[in-house]
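Here are a few friendly notes to read with the model open beside you. Take them one at a time and find each place as you go.

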Amino acid sequence: MKRIAARLNPRPLPPVSLPCSRPQPPASVSSSSLLSGFTKLCYQQDLPGAMKALDDLETHGLRADPAVYSDLLKACLSRRAVPLALRLQSHILSSPHSPHTFLLNMLLSIYVKLRLLPQARSLFDEMPQRNVVSWTTIISAHANVPELSHNALHFLVSMLCQGVTPNMFTYSSVLRACGCVSHLVQLHSSIYKHGLESDVFVRSALIDAYSKWGLPQEALRVFDEMPTGDLVVWNSVIAAFAQNSNGHEALHLFKRMKRAGFDPEQSSLTSVLSACTSLALLELGRQAHVHVFKYHQDLILNNALLDMYCKCGGVEDANTIFTRMADKDVVSWSTMIAGLAQNGYSREALKLFDSMKDSSTQPNYITILGVLFACSHAGLVEDGWCHFRSMKKLYGIEPGREHYACMLDLLARAGKLNKAVELINEMGFEPDGAMWRTLLDGCRAHKNVDLAMHAAEQILKLNPQDAGSYILLSNIYANAGRWDDVAGIRKVMNEKGIKKQPGCSWIEVGKQIHTFVLGDGSHPQINEIKIQLESLIQRLVRAGYVPDLNFVLKDLEGEEQREDSLRYHSEKLAVVFGLMNLPKGQTIRIRKNLRICGDCHLFVKLATKLEKRTIVIRDPIRYHHFHDGACSCGDYW
């Protein structure tokens, strides 16, 4: 009976974490059979069976070969079996002998890959020995978490203090965690000290780091220090300039890369498309598209093409690509919605948003921003309120500063100025200068002098040198007949040395960019352009065009002088130059630095009807597509 009771109530096993001595296996149990069975289960990735066999090994005081544990750890990672990995960690650390560092490094890597940073840190602290792999793994883990990235540098310092030499992967990881330029410079020096400046991964990471801190010229210096025989480094330096809005240099480097015998791949092509986007040069973007045709067009490249065409005013090309895309993600939908809205096709953008919802694609922060922009630029106040008020409830998206700015723009344009003020007061943050400027522009359009004064005061508190606010307020006073106030503003501007930013327009003809600035007569064809402009204006006047003097700075000067100033606005000069030099049938594309004024808008509309041409103008806010006397914005901008 005692033997039966003993079988029914076996003595409990000791805790697995205690490195106590184990009883020898009974003669009837073969150690080799237990080990071979455990090895087989690990090789077959039979996790339940392997863990049961592990219990048997511990009962009999046996340890398997480290390579066997390696197979089991791989199975834990592939199955995301965290409890079993923790159990195996306890078994490995309980060995009376020092555990193999490579096994603990594997465990460390598993915790990092499964985003279990507390477990990784705990294991790292328990490791009796740490090599360069251990340190690099924990550094990389912290570098990948923005709020913990500063710890990566602390680990590097500890690593060096303990006499462990970093390798190329260590520096590649820690460079991502640089919190300031001074740290980056120190790391650069340390890289030289350890002789890793020529390593491909390190050079690429250095270039990326300098680019991140807005130092593309430093990135180029790293690139030019030695010949580059690797496409990864070429991709990094091209991206450095594309991401820092230096499209010309990015394209120049792309040409250098091709001359050096390298074929572009996804990364370089994406950067080139980004460069074309920043330059807003559609023809250049179409040439880049030719290179994309030679490469496998995946979702990332298709999205980059969509972005480029939308931001370069080629919305028809963008729509063609979007329609043909087999796979679309939230970036695809958001890019196309925003692109349609920014090109004046607001209602089409809202229809596309409905199609997106039908496709079961969940909108994100940027999607709703595009939807609100579309409502703002079509005057759809009720639709805008509906989308704004429901975005948190329907999609879990908290309204951000950009969403409030769009709603403020919508209300100000529609003349709902009191509602706009209420919205400013209910925001959970202080309005910035752009928001007050939006309100000020609404006050100009709807002749609210008192609120305009308040908005201008707030802008000038934030930026006392903001010339645009002085100009807007001056014109508001002038429209109200308050000439003493107009004179007062001009006096303040003169005393502070504040000058209105001159209007500037660019047009590409024959692969050359031509620039026109109000009052600048330096263009070699300026005299002929002015003659042709006078002729065009006379024909437009006969067709009903009347210059709108509300769109020049109103002061005590004569009306004739103001009309002369309006006549030579930079976009008018660029339009005439395009008519003179581009073949009939070719679209005239113009960029300008200031928002297009109402007079020039009317001028271009009538010119397209009279000349039977299509003209596309991009200002800082949006694109205007003019054709046959009409604009894509529907005269609401």
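1. Start at Ser-505, which stands opposite Lys-592 in S3. S1 and strand S3 (residues 588-592) pair in the antiparallel sense over three bridges; two strands count as paired if DSSP finds at least two bridges between them. Strands are DSSP runs of E with at least two residues, and helices are runs of H or I with at least four, numbered from the N terminus.

2. A word on the source: this is a predicted model, where local features need pLDDT of at least 70, side-chain atom pairs count only at pLDDT 80 or more, and totals for chains, interfaces and linings use all residues. Residues are numbered from 1 along each chain as its sequence is written, and side-chain values use heavy atoms, with hydrogens and water left out.

3. Now look at the other partner of S1. Strand S1 (residues 504-509) runs antiparallel to strand S2 (residues 512-517), joined by six bridges, and Val-509 stands opposite Gln-512 in S2. Their hairpin has two residues between the strands, and Gly-510 there takes a positive phi near 60°.

4. On the pairing of S3 with strand S4 (residues 614-618), four bridges join the two, which run parallel. Arg-589 stands opposite Val-616 in S4.

5. Which order do the strands of the open sheet have? The six strands follow S2-S1-S3-S4-S5-S6, with mixed pairing. S2 and strand S6 (630-631) stand at the edges with a single partner strand each, so one side of each is left without a neighbour in the sheet.
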